[in-house]
Amino acid sequence: MRIVLDLQAYQSPGSRRRGIGRYSLSLAKAIASGAQGHEVIVLLNAGISDAIELVRSQFDGLVPQERILTWEPVGPVAQSNPANAFRQRATEVLREKAIRSLNPDIVHVSSLFEGFTNEVVATVPSGGAWLGAVTLYDLIPLVHKNAYLHTAEARRWYMEKIDHLRRADLLLGISRFSCEEAAELLQIPGERLTNISGAADDIFVRLGDTESFRYELMSRYGLWRPFVMYTGGFDARKNIGSLIRAFASLPLSLRRAHQLVIVGDPPPQEHAQLGELVSRLELGEDEVVFTGFVPDDDLVKLYNICALYVFPSLQEGFGLPALEAMCSGAVVIGSNTS
């Protein structure tokens, strides 16, 4: 069979540094390494050029370079801007034409819910000449419309994506919960749902001599005491405000003996809101530390040396950071939800 892997989820600036990007790349590489005689083609969006060479390097030795292909969009196409509607539709046609020229048996879309604020264009055409498979992470915006679908444009875009999701021949759910959501909320038949679960990348392990890097790493990120750590997304369901309030409510002696470290690069609005909350709670400037983006090598080390990792999210399709932390030897507290 000829299997086409649409890997725009890893190209997407919003997903590349988060769990969806990491998961998409790992799954695509696993498919390529276990193809057993099937032909694998990696398909990329030429309009998101900054990640193309990175993808090529990731598949070195797994997929011949001549089978890592690109298609040309008509940009800009981000759907948060209604003026992009025509270009987006035209780009959908160009993408489907590019796929059709490859004569695939199966096309796998690594993340369908992309493209509202970036240049990703992902669809599942009706009556296609190939089988369509889509990774299903969650349906959180459908469950929490008021929190996620604030505008008419966002609601229209998301519900169009739901229509595409319904057309897929196979949904690869990342957990039993995500599969159950699709069956309940979208009435997807069980034979079109498969729970493939999730796993932490092999880089997340317990490291031997943590003292060899502890001081230099902590100094670089402004950490001077044992620390409670969070890393992940920054949207409302991640519940980071509650984490900060919980930290503020600790006995003064315990709080001053630790730091709360929030790892990641929040959007400006969310960063400002969390900063205002820290000020309102009268927390010291070194009590809550925002590290910004942290490369993977440092992330593994931070997991290894944190006193505690807390994952306060209200709803997840899987919750990959909690598993990464556990694999790295961290003590983990997670919400008892989803």
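Two strands count as paired when DSSP finds at least two bridges between them, and in this predicted model strand β11 and strand β12 (residues 332–334) meet that description, pairing in the parallel sense over three bridges. Within that pairing, Phe311 has Gly334 in β12 as its bridge partner. Strand β11 also has β8 as a partner, for two bridges join β8 to β11, and these strands run parallel; here the bridge partner of Met229 is Tyr309 in β11.

In helix α11 (residues 240–248), the buried residues are Ile240, Gly241, Leu243, Ile244, Phe247 and Ala248. They cover an arc of only 160° around the axis, which places them on the same side of α11. What do the buried residues of α11 pack against? Their neighbours are the strands β8 (227–231), β9 (259–263) and β11 (308–311), together with the helices α12 (252–256) and α13 (268–280).

Phe59 is found in the loop between α4 (52–58) and β3 (68–71), and with a relative accessibility of 0% it counts as buried. Leaving aside residues up to four places away in sequence, Phe59 touches Leu7, Leu25, Ala28, Lys29, Ala32, Val42 and Ile68. Phe59 and Leu252 are 193 residues apart in sequence, and their C-alpha atoms are 51 Å apart in space. Ser15, by contrast, has its place in a helix, α2 (residues 13–16). Is Ser15 buried or exposed? Its relative accessible area is 8%, and because buried means under 20%, Ser15 is classed as buried. Again leaving aside residues up to four places away in sequence, Ser15 touches Ala9, Ile20, Gly21 and Glu114.

The last stop is an open feature of the model, the second largest pocket, which has a volume of about 220 Å³. Which helix gives the largest share of the lining of this pocket? That share, four residues, comes from helix α3 (residues 19–33). The residues that line the second largest pocket are Arg22, Tyr23, Ser26, Leu27, Ile196, Ser197, Gly198, Ala199, Ala200, Asp201, Asp202 and Leu320. Sorted by class, the lining of this pocket has six nonpolar, three polar and three charged residues.

Notes:
Residues are numbered from 1 along each chain as its sequence is written. This is a predicted model: local features need pLDDT of at least 70, side-chain atom pairs count only at pLDDT 80 or more; totals for chains, interfaces and linings use all residues. Side-chain values use heavy atoms; hydrogens and water are left out. On a 1 Å grid over the protein atoms alone, a cavity is a set of points where a 1.4 Å probe fits but cannot get out, and a pocket is an open set with protein on both sides within 12 Å along at least five of seven lines; lining residues have an atom within 4 Å of a point. Grid points are joined across faces, edges and corners, and a volume is the space filled by probe spheres set on the points. Ala, Val, Leu, Ile, Met, Phe, Trp, Tyr, Cys and Pro count as nonpolar, Asp, Glu, Lys and Arg as charged, and the others, Gly among them, as polar. Buried means under 20% relative accessible area, exposed over 50%, partly exposed in between (1.4 Å probe, protein chains only). The arc is that of the directions from the helix axis to the C-beta atoms. Contact means heavy atoms within 4.5 Å.
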